[in-house]
Amino acid sequence: MEFKSSVVLYIDDDPQPVGEFPCPVSFELDTRRLTDGEHVLKVVGKDYLGKEGIRLIPFNVRNGPAIAVEGIRKDETVEGVLPLMINAYSKGNQKVFLVHGSETPQSIPWWIVAGIILFAAWTVFFVITSLSVKL
């Protein structure tokens with residue numbers, strides 16, 4: 001009789017296991033064959049007496065391109081015409097960096113515009129008061 005524990009790995013509700021391994025095990029889960037979205041890794045551990053323990057580990061897969069949307073948020077109430085900026089980009093093959101489409105363009109935040117206006121107004125005020133003191 002061998003006194004080793006083993007684990008059996010399942011993905012979602014698939015009755016076919018991903019693999020069965022003696023413990024301890026180092027395992028690489030290839031998510032490229034899974035669809036994007038929520039999944040559950042089910043680990044069934046068995047000791048040498050046959051007792052089982054189960055652990056469910058939920059995880060998200062995103063192998064497809066990341067999608068960024070600016071102009072609307074989840075559960076937001078909107079009306080009229082909405083200007084949206086949408087970008088979809090992926091990591092590519094990670095050997096060549098693609099500049100085009102690798103970053104999501106965003107509009108300038110309102111506080112930066114307000115800061116520029118305040119700085120310009122202060123500059124004009126400073127120049128006018130400095131010139132009037134010398135005259």
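**Group meeting talk: a walk through one chain**

Before going on, some ground rules. This is a predicted model, where local features need a pLDDT of at least 70 and side-chain atom pairs count only at pLDDT 80 or more, while totals for chains, interfaces and linings use all residues. Residues are numbered from 1 along each chain as its sequence is written, and side-chain values use heavy atoms, with hydrogens and water left out.

Back to R32. Which residue does R32 form a salt bridge with? The partner is D30, and the closest N and O atoms are 2.8 Å apart. By salt bridge I mean a side-chain nitrogen of Lys or Arg within 4 Å of a carboxyl oxygen of Asp or Glu. D30 itself is partly exposed, at 35% relative accessibility. By this rule, the count is two salt bridges. K46 and E52 also meet through their side chains, with 3.7 Å from N to O. K46 is partly exposed at 29%, whereas E52 is exposed at 52%.

Now the overall layout. The chain has one helix and six strands, and reading along the sequence you get β-β-β-β-β-β-α. Helices (H or I, at least four residues) and strands (E, at least two) are DSSP runs, numbered from the N terminus.

Two strands pair if DSSP finds at least two bridges between them.

Let's zoom in on the pair β1 and β3. Strand β1 (residues 6-11) and strand β3 (residues 37-46) run antiparallel and are joined by six bridges. Y10 sits in strand β1, and opposite Y10 in β3 you'll find K42. Leaving out residues up to four places away in sequence, Y10 touches P15, Q16, P17, V18, V40, L41, K42 and V44. Contact here means heavy atoms within 4.5 Å. Y10 and V40 are 30 residues apart along the chain, yet their C-alpha atoms are separated by 8.2 Å.

S6 is in strand β1 too. Is S6 buried or exposed? S6 is buried, at 17% relative accessible area. With neighbours within four places left aside, S6 contacts E20, F21, P22, C23, V44, G45 and K46. That last one, K46, is the salt-bridge partner of E52.

Zooming back out to the whole chain: buried residues make up 12% of the 135 residues. Among contacts with a separation of 6 or more, 36% are between residues 24 or more positions apart. The accessible surface is about 11,900 Å², and 60% of that belongs to carbon and sulfur atoms. Those areas come from the Shrake-Rupley method with a 1.4 Å probe, and for residues only the protein chains shown count as cover.

On that surface, I67, V69, I72, V78, L82, L84 and I86 make a nonpolar patch of about 590 Å². Patches take residues with over 30% relative accessible area and no salt bridge, joining like charges within 9 Å and nonpolar side chains (Val, Leu, Ile, Met, Phe, Trp, Tyr) within 5 Å. One member, I72, lies in the loop between β5 (66-70) and β6 (85-89), and I72 is partly exposed at 32%.

Most residues other than glycine have a negative phi, and most peptide bonds are trans. With that in mind, find D12 in the loop between β1 and β2. Phi of D12 is positive, near 55°, and D12 is partly exposed at 30%. D75, in the loop between β5 and β6, has a positive phi as well, near 60°. D75 is exposed, at 71%. Finally, C23 and P24 are joined by a cis peptide bond, with omega about -10°, and P24 is in the loop between β2 and β3.

Methods:
Buried means under 20% relative accessible area, exposed over 50%, partly exposed in between (1.4 Å probe, protein chains only).
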